[in-house]
Amino acid sequence: MAGVMELTIHDNHKPANSTAQVTAGRIGNTLRTRFENYIHKDECNPAHADYDDKMISRSIGAFTAYHLGKIDEKTAGESVCDSSSDGGIDAICVNHSERLAVVIQSKFNKAGTSTWSEREFLHFKDACEKTPTRRIFKV
């Protein structure tokens, strides 16, 4: 939650800088290379044109789990649950030794010019509120 709290409402209204697309592509490809082998490929066919974008989005979720959840890369990749029926939750990781649970929604915009909309945020918030976390995880 710290990452969200550091942003202001005005941060989403700033225009992207001229190198945003290059930066987004480099970061996305680096994360995909790092986590792709550990992430499931459901609904993500390498033959489809959107494969790279989907895998980069999932890799962003894996990196977030790795960083915030304080887990290894393999476990982070395996924590990705992104699909068309995920209810807005793209990854969940539990670090029992740290007594920490992280719920993730990831987005990749290859142009580097936008973030999630208020509608998407509310969908994620609703999914988190519906998740019976206490019954699934012993945190």
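Visitor: By class, what does the lining of the second largest pocket have?
Guide: In this predicted model, 20 residues line the second largest pocket. Asp, Glu, Lys and Arg count as charged. By class, the lining has one nonpolar residue, eight polar residues and eleven charged residues.

Visitor: Which residues are closest to the centre of that second largest pocket?
Guide: The second largest pocket holds about 440 Å³ of space. Among the residues lining the pocket, those closest to its centre are D82, D90, Q105, S106 and K107.

Visitor: Which helix gives the most to the lining of the second largest pocket?
Guide: Helix 3 (51-69) and helix 5 (118-130) each supply at least two residues of the lining. The most, four residues, comes from helix 3.

Visitor: Where is K70, and is K70 buried or exposed?
Guide: K70 lies in the loop between helix 3 and helix 4 (73-78). K70 is not a glycine, yet has a positive phi of about 55 degrees. Exposed means over 50% relative accessible area. K70 has 53% relative accessibility, so K70 counts as exposed.

Methods
Residues are numbered from 1 along each chain as its sequence is written. This is a predicted model: local features need pLDDT of at least 70, side-chain atom pairs count only at pLDDT 80 or more; totals for chains, interfaces and linings use all residues. Side-chain values use heavy atoms; hydrogens and water are left out. On a 1 Å grid over the protein atoms alone, a cavity is a set of points where a 1.4 Å probe fits but cannot get out, and a pocket is an open set with protein on both sides within 12 Å along at least five of seven lines; lining residues have an atom within 4 Å of a point. Grid points are joined across faces, edges and corners, and a volume is the space filled by probe spheres set on the points. Buried means under 20% relative accessible area, exposed over 50%, partly exposed in between (1.4 Å probe, protein chains only).
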